[in-house]
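Let's take a walk through the side-chain contacts of this chain.

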Amino acid sequence: MGEESRKNNEYDMQVEVTCPVCKSNDSVFFVEKNKCSLYRCKKCELVHVFPIPDSLESVYSKDYFFSEKKEAEFGYVDYDRDKQSTKEYFNKQLDKLAGLVTGRRMFDVGAATGFFLGMARDKGWNVSGSEISTFAADEARGRGFEMFCGDLLDLPRANKYDVVTMWDVFEHVATPSDYLRHINNVLSKDGMLVINTVDIGSWYAKLRGKNWHLLIPPEHVFYYTKKNLFYLLEKNGFEVVSFSKPSKKFSLTYVFSILYQTQNFKAGKKLSDFLNTDFWRKFTIPINVRDNILVIAKKIKDV
């Protein structure tokens, strides 16, 4: 470690950081990664980047979603093709949601190019969404979806939805409480919120520690546990009705790309490139190390 880096780390460890969830001032330096400092709250166990980067939009350029010769530290090989392996998972969740609400108005936060929206629309949902990436929002609009481009907090509150979904999005959000309050306001009475996010309290995350593959700032700026996520939802007018540790399927090219990006597995890039064909993408593997949380929560009061 260089002298300047060492001094920066010593300075980081002395900074007083207020936990964005429980407001405790008892946070400790956790790790520095990708030029970001992460802190862990000793009270609620939230891990988060501090300070939050001024702009997160730049992370989500076209190369984040589509870059077959990817050199970046995060993102997809080909977003739409990578998501094909999740169809079974999404169909299962859509069927479950259909039994929880009577209306069919759905809003997807962080909808990317509209892959999930397309599946929901095919099942009879009236769909729309938001996306921070200009590139992805334009792609979704080109596919016929109503898409708000920008921060969710700027979305008008006039419309009401029966379901709001956040698939692998909440860990990217810089102001989680503000987002939950805004979602509360656009949900109809007894509306449902779906969050699939990372679980730093899982046994696998604890086992991997600072080498956990989902520890990828500034793409992920917040890292939740079941405890602090439930607390955050309840504080913002929601009641958890369903909790699980979901299993998903992934293409081989995606798996090796992630190993290359997050674990410095040099051969991963060559394997990912080699397997990035229609033939090899037919083969998927189920993975569940229980480091993801899937929560469905009902709006029980206005905030």
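Start with Trp167, which is buried at a relative accessible area of 8%. Here buried stands for under 20% relative accessible area, exposed for over 50%, and partly exposed for what falls in between, with a 1.4 Å probe and protein chains only. Bear in mind that this is a predicted model, where local features need pLDDT of at least 70, side-chain atom pairs count only at pLDDT 80 or more, and totals for chains, interfaces and linings use all residues. Residues are numbered from 1 along each chain as its sequence is written, and side-chain values use heavy atoms, with hydrogens and water left out.

**Rings**

Rings of Phe, Tyr and Trp (its six-membered ring) are taken as a pair if their centres lie within 6.5 Å; planes under 30 degrees apart make the pair stacked, over 60 edge-to-face, and the rest are tilted. By this rule there are 13 aromatic pairs. The helices (H or I, at least four residues) and strands (E, at least two) are DSSP runs, numbered from the N terminus. Phe90 is buried as well, with a relative accessible area of 5%.

What about Phe170 and Tyr224? Their ring centres are 5.0 Å apart and their planes stand at 15 degrees, so the pair is stacked. Phe170 sits in the loop between strand 7 and helix 7 (176-186), and Tyr224 in the loop between strand 9 (222-223) and helix 9 (226-235), so this pair ties together parts 54 residues apart in sequence. Phe170 and Tyr224 are both buried.

Back to Trp167 for a moment: along with Tyr89, Phe90 and Phe116, Trp167 forms one aromatic cluster.

A charge sits over a ring if NZ of Lys or CZ of Arg is within 6 Å of the ring centre and within 35 degrees of the ring normal. Lys226 lies over the face of Phe243, at 4.4 Å from the ring centre, and the charged end of Lys210 sits over the ring of Phe30, 5.9 Å from its centre.

**Salt bridges**

A search of the whole structure turns up 9 salt bridges, each a side-chain nitrogen of Lys or Arg within 4 Å of a carboxyl oxygen of Asp or Glu. Here are some of them.

| Pair | N to O distance |
|---|---|
| Asp95 and Lys123 | 3.0 Å |
| Lys248 and Asp168 | 3.3 Å |
| Asp302 and Lys299 | 2.9 Å |

Lys248, in strand 11 (residues 248-251), and Asp168, in the loop between strand 7 and helix 7, link distant parts of the chain, 80 residues apart. Lys248 counts as buried at 10% relative accessibility. Asp95 is partly exposed, with a relative accessible area of 47%, and Lys123 is partly exposed at 37%. In the remaining row of the table, is Lys299 buried or exposed? Lys299 is buried, at a relative accessible area of 7%, whereas Asp302 counts as exposed at 61% relative accessibility.

**Nonpolar cores**

A nonpolar core is a set of buried Ala, Val, Leu, Ile, Met, Phe, Trp, Tyr and Cys residues joined through side-chain atoms within 4.5 Å. The largest one has 47 residues, and Val164, Met166, Phe170, Leu193 and Leu233 touch the most other members. Leaving aside neighbours within four places in sequence, Leu233 is in contact (heavy atoms within 4.5 Å) with residues including Leu180, Ile195, Phe238 and Val295. A second, separate core of 24 residues includes Phe115, Leu117, Met119 and Ala137.

Asn228 is in helix 9 and counts as buried at 1% relative accessibility. The side chain of Asn228 reaches the backbone nitrogen of Thr225 at 2.9 Å. Not counting residues up to four places away in sequence, Asn228 touches Val21, Cys44, Glu45 and Leu46.

Ser85 has its place in the loop between helix 3 (79-83) and helix 4 and is buried, with a relative accessible area of 14%. Which residues does Ser85 touch, not counting those up to four places away in sequence? They are Lys249, Phe250, Ser251 and Thr284. Ser85 and Pro286 are 201 residues apart in sequence, yet 9.4 Å apart in space, C-alpha to C-alpha.

Note on methods:
Polar contact = N/O pair within 3.5 Å; in protein donor to acceptor, adjacent residues only side chain to side chain.
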